[in-house]
Amino acid sequence: MSKKSQIDSLHYLQKMGIEILTNTFVVSYDGELLKTNNGKTIKTKTVIWSAGISANTIQGIPKTSVGQGQRLLVDQTNALEYTEAVYVLGDMALMKTPKYPNGHPQLANVAINQAKNLAKNLKRKEQGLELKKYEYTDLGTMATVGRNKSVVDLPTVHLKGFFAWAIWMFLHLMLILSVKNKLIIFINWAWAYITKNSALRIIIKEH
Ligand SMILES: Cc1cc2nc3c(=O)[nH]c(=O)nc-3n(C[C@H](O)[C@H](O)[C@H](O)COP(=O)(O)OP(=O)(O)OC[C@H]3O[C@@H](n4cnc5c(N)ncnc54)[C@H](O)[C@@H]3O)c2cc1C
């Protein structure tokens, strides 16, 4: 997201009492002591890893086709490099384009639109037509940190705070299927906002 959104989110988290270490990588953890690349050590028995995932690999894919984070290198038609008739979409695909030299962001929109483009291209291929190259059009990105704390990057505008949070809530509500679900979730959200008492979102099962 934009620099402004990065800084605003950082401030939101810091205000909530969270200490953020930027440009810091975890290098080891032995169950007691966590060490970072810049020599810092943190004594802790609890570490929650949220630093990302790497893709599943499958046998038979040439090593030369595997890129950063185990993502598979594809051209702009999603064809896997150095193979024939193998296509890779979405999070797994590492498509380096002039606009995105490090690949596209791993977002649902990218996966959906690459799939649409590929479906059309497969038909074009059968008809002997030229294939269309994919490029991601970023219509905006949103992130929420918590109550009244969100950031929104639109192509020309940056928003934050309550207004951004309201947009985030509205769009998520609109993306939920069926009017009944929308209504129930809206009532739940409104109730949680007024009472400041959100229901637990965990399922406890007896063994
Ligand atoms: C917590 C979280 C929050 C997110 N929030 C957002 C958001 O707000 N907005 C947004 O745009 N994106 C969000 N994303 C990212 C978004 O979910 C992904 O970019 C998107 O799902 C990618 O789609 P995909 O089809 O490439 O992969 P996936 O949706 O991961 O689908 C891959 C499928 O392949 C299956 N699979 C894996 N290995 C094999 C195998 N060997 N054989 C057969 N099947 C296999 C998996 O089970 C899975 O069903 C979020 C992701 C996470 C984890």
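This is a predicted model: local features need pLDDT of at least 70, side-chain atom pairs count only at pLDDT 80 or more; totals for chains, interfaces and linings use all residues.
**Exercise 1: the domains**

Find the bounds of domain 1 and domain 2, then say how far apart their C-alpha centres lie.

*Solution.* Start with the domain assignment: domain 1 covers 63-126 and domain 2 covers 141-195.

**Exercise 2: a look at T36**

Work out where T36 is found, decide whether T36 is buried or exposed, and list what its side chain and its other atoms touch.

*Solution.* Step one is the location: T36 belongs to strand 2, which spans residues 33-36. Step two is the accessible area. T36 has a relative accessible area of 7%, and buried means under 20%, so T36 is buried. Step three is the polar contact: the side chains of T36 and N38 are joined at 2.6 Å. Step four leaves aside neighbours within four places in sequence, and what remains in contact with T36 is T24, F25, V26 and V27.

**Exercise 3: a look at N78**

*Solution.* First, find N78 in the loop that runs between strand 4 (72-74) and strand 5 (93-95). Next, check the accessible area. The relative value for N78 is 0%, and the cut-off for buried is under 20%, so N78 counts as buried. Finally, skip the neighbours within four places in sequence; N78 is then in contact with V86, Y87, V88, L89, A93, M95 and Q114.

**Exercise 4: around the ligand**

Name the residues that surround the ligand, sort them by class, and find the N and O atoms that lie by its own nitrogen and oxygen atoms.

*Solution.* Begin with the shell: N56, L89, G90, D91, Q106, L107, A108 and A111 surround the ligand. Sorting by class gives four nonpolar, three polar and one charged residues. Now go atom by atom. An N or O atom in the side chain of N56 is 3.1 Å from a nitrogen atom of the ligand. With L107 the backbone takes part, and one of its N or O atoms lies 3.3 Å from a ligand oxygen atom. A108 also uses a backbone N or O atom, at 2.9 Å from an oxygen atom of the ligand. To finish, look at the cover: on its own the ligand has 1000 Å² of accessible area, and the protein covers 26% of that.

Technical notes: Residues are numbered from 1 along each chain as its sequence is written. Side-chain values use heavy atoms; hydrogens and water are left out. Domain bounds come from an automatic or database domain assignment. Helices (H or I, at least four residues) and strands (E, at least two) are DSSP runs, numbered from the N terminus. Buried means under 20% relative accessible area, exposed over 50%, partly exposed in between (1.4 Å probe, protein chains only). Contact means heavy atoms within 4.5 Å. A residue is near a molecule or strand if one of its heavy atoms lies within 4 Å of it. A polar contact is a pair of N or O atoms within 3.5 Å; within protein, one must be able to donate a hydrogen and the other to accept it, and residues adjacent in sequence count only if both atoms are side-chain atoms. Accessible areas come from the Shrake-Rupley method with a 1.4 Å probe; for residues, only the protein chains shown count as cover. Ala, Val, Leu, Ile, Met, Phe, Trp, Tyr, Cys and Pro count as nonpolar, Asp, Glu, Lys and Arg as charged, and the others, Gly among them, as polar.
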